[in-house]
Amino acid sequence: MAYIEEKQDSRTMNWNAKSASTSRTYHMFDYADTQDAILALGAYVPTDIPVATYLCVQPEYEVTPVFSDPDKTLYEGKVTWKTPDISAGGGGGGGSTNTAKDPQEPEDNTSLTISFNTMSEVRQFGINARRVYKFDMGKGLHIWNTEDLDAYAINQQSPMLPPEGIEYNVPIVSITAKTVISYSVATPEWQKDRFNQLWHSNDAKWNGLAINTTMFTGMELSQRSDNNWDVTYNFEYRTPTSETPEAFSYYDKDGLKSIEIRRANPWMIIDARYEEVKQTSSDGYDKTVRNLTEVTVHNIYEQTDFDELGMVGIPTS
């Protein structure tokens with residue numbers, strides 16, 4: 001019956017400020033050939049071994065037949081485990097960026113890239129408008145230099161119609177964070193949990209940004225030669241909007257009026273609903289106009305704990 005025993009006093013350990021390694025020697029009995037011995041040894045030994053503050057991984061196997069054995073079924077195997085930088089060919093230092101830590105405790109090396117963009121929204125009423133001229137039929141052009149108008153309708157083609165408004169740009173910020181996650185952490189279950197956090201906003205202040213202003217929009221993972229994962233997170237930040245109301249026009253018996261709606265957070269959706277109604281104009285003709293009937297706010301996105309994403313070195317408060 002084939003079996004394996006570890007050779008007594010065969011264990012060695014080496015470590016320094018940047019790397020570590022360990023080796024063990026085994027006796028293997030009753031194996032038909034070297035291939036069978038290697039396969040059995042690979043199934044027998046652990047995949048990783050802690051050495052001091054490091055985790056040595058990716059065992060290397062060296063199996064040698066014991067030629068003095070008359071049955072040619074005895075083998076000696078040496079297995080060596082190394083820190084990822086050595087296993088990947090980095091030589092235990094010399095500029096490797098992932099050498100001084102256990103892979104389960106990555107260095108504080110998460111980097112941030114920030115880009116500024118804009119998105120378009122429609123505003124029906126201006127803020128701090130100033131009337132500079134007005135034309136009255138038969139009276140010529142009248143010019144105002146000092147008349148300020150608060151929440152004045154934009155692009156209103158008729159007093160009987162709500163203002164069409166105008167598109168304006170809203171600043172948004174795209175954020176990319178890159179880091180390395182240990183293979184022992186970035187398991188399929190861990191990756192599934194991160195997937196479930198997509199399109200959730202921050203439930204607490206994150207990286208100096210206010211609660212519920214930053215959305216986790218995407219993530220890319222690429223496994224490295226040392227089995228750890230390069231991870232890229234994508235976020236989108238929107239400035240708080242509680243101080244910037246949106247106005248909606250409507251008609252009642254006293255004429256055209258407007259109401260202001262304030263978003264509790266920049267990701268809230270405002271849903272304005274209209275109906276077509278008939279009104280009699282001053283010249284006696286009936287006209288059909290769109291009138292506001294309901295304004296509803298929707299919280300489409302939920303919040304999540306960005307601490308669970310695994311970004312090292314990024315402050316969360």
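**Entry 1**

I began with Arg224, which is partly exposed at a relative accessible area of 23%. For that label I use 20% and 50% as limits: buried is under 20% relative accessible area, exposed is over 50%, and partly exposed lies in between, with a 1.4 Å probe and protein chains only. The model is a predicted one, in which local features need pLDDT of at least 70 and side-chain atom pairs count only at pLDDT 80 or more, while totals for chains, interfaces and linings use all residues. Residues are numbered from 1 along each chain as its sequence is written, and side-chain values use heavy atoms, with hydrogens and water left out.

I then asked which residue forms a salt bridge with Arg224. Asp230 does, and the closest N and O atoms are 3.3 Å apart. A salt bridge here is a side-chain nitrogen of Lys or Arg within 4 Å of a carboxyl oxygen of Asp or Glu. Asp230 is partly exposed as well, with a relative accessible area of 32%. Salt bridges with shared partners link Arg224, Asp226 and Asp230 into one network.

**Entry 1: Tyr183**

From Arg224 I went to Tyr183, 41 residues away along the chain, and found 9.3 Å between the C-alpha atoms. Tyr183 sits in the loop between strand 12 (166-181) and helix 3. Helices (H or I, at least four residues) and strands (E, at least two) are DSSP runs, numbered from the N terminus. Neighbours within four places in sequence aside, I listed the contacts of Tyr183 as Asp48, Leu55, Val57, Asp226, Asn227, Asn228 and Trp229. Contact means heavy atoms within 4.5 Å. The list includes Asp226, which also belongs to the salt-bridge network of Arg224.

**Entry 2: other salt bridges**

I noted a count of seven salt bridges. One of them pairs Glu60 with Lys82, at 3.5 Å between the closest N and O atoms. Glu60 is in strand 5 (residues 54-65) and Lys82 in strand 6 (residues 75-82), so this pair ties together parts 22 residues apart in sequence. Glu60 counts as partly exposed, at 37% relative accessibility.

I also looked up Arg194 and Glu308, whose side chains meet in a salt bridge at 4.0 Å, N to O. Arg194 belongs to helix 3 (residues 188-197) and Glu308 to the segment after strand 20 (303-304), so the pair ties together parts 114 residues apart in sequence. Is Arg194 buried or exposed? Arg194 is buried, with a relative accessible area of 5%. Glu308 counts as partly exposed at 42% relative accessibility.

I followed the pairing on both sides of strand 5. Two strands pair if DSSP finds at least two bridges between them. Strand 4 (residues 49-51) runs antiparallel to strand 5 and is joined to it by three bridges. Val51 has Tyr54 of strand 5 as its bridge partner. The two strands make a hairpin with two residues between them, and Ala52 in the turn has a positive phi of about 55°. Strand 5 pairs with strand 6 in the antiparallel sense, over seven bridges. There I noted Tyr75 of strand 6 as the bridge partner of Pro65.

**Entry 3: Tyr44**

I placed Tyr44 in helix 1 (residues 34-44). Tyr44 is partly exposed, with a relative accessible area of 44%. Residues up to four places away in sequence not counted, Tyr44 touches Ile4 and Tyr26. Tyr3 is 41 residues from Tyr44 in sequence, with 9.7 Å from C-alpha to C-alpha.

**Entry 4: surface**

I found a nonpolar surface patch of about 380 Å², made by Trp199, Ile269, Ile300 and Tyr301. Patches take residues with over 30% relative accessible area and no salt bridge; like charges are joined within 9 Å and nonpolar side chains (Val, Leu, Ile, Met, Phe, Trp, Tyr) within 5 Å. Ile269 lies in strand 18 (residues 269-280) and counts as partly exposed at 39% relative accessibility. The accessible surface of the protein chain is about 18700 Å², 49% of which belongs to carbon and sulfur atoms. These areas come from the Shrake-Rupley method with a 1.4 Å probe; for residues, only the protein chains shown count as cover.

**Entry 5: whole chain and confidence**

I recorded three helices and 20 strands, with buried residues making up 36% of the 317 residues. Of the contacts between residues at least 6 apart in sequence, 62% join residues at least 24 apart. The mean pLDDT is 76, and 72% of the residues reach 70 or more; pLDDT is the predictor's confidence in each residue, from 0 to 100. Over residues 86-106 pLDDT stays under 50, and the model has 48 contacts beyond four places in sequence for them. Where pLDDT is low, the predicted coordinates should not be read in detail.
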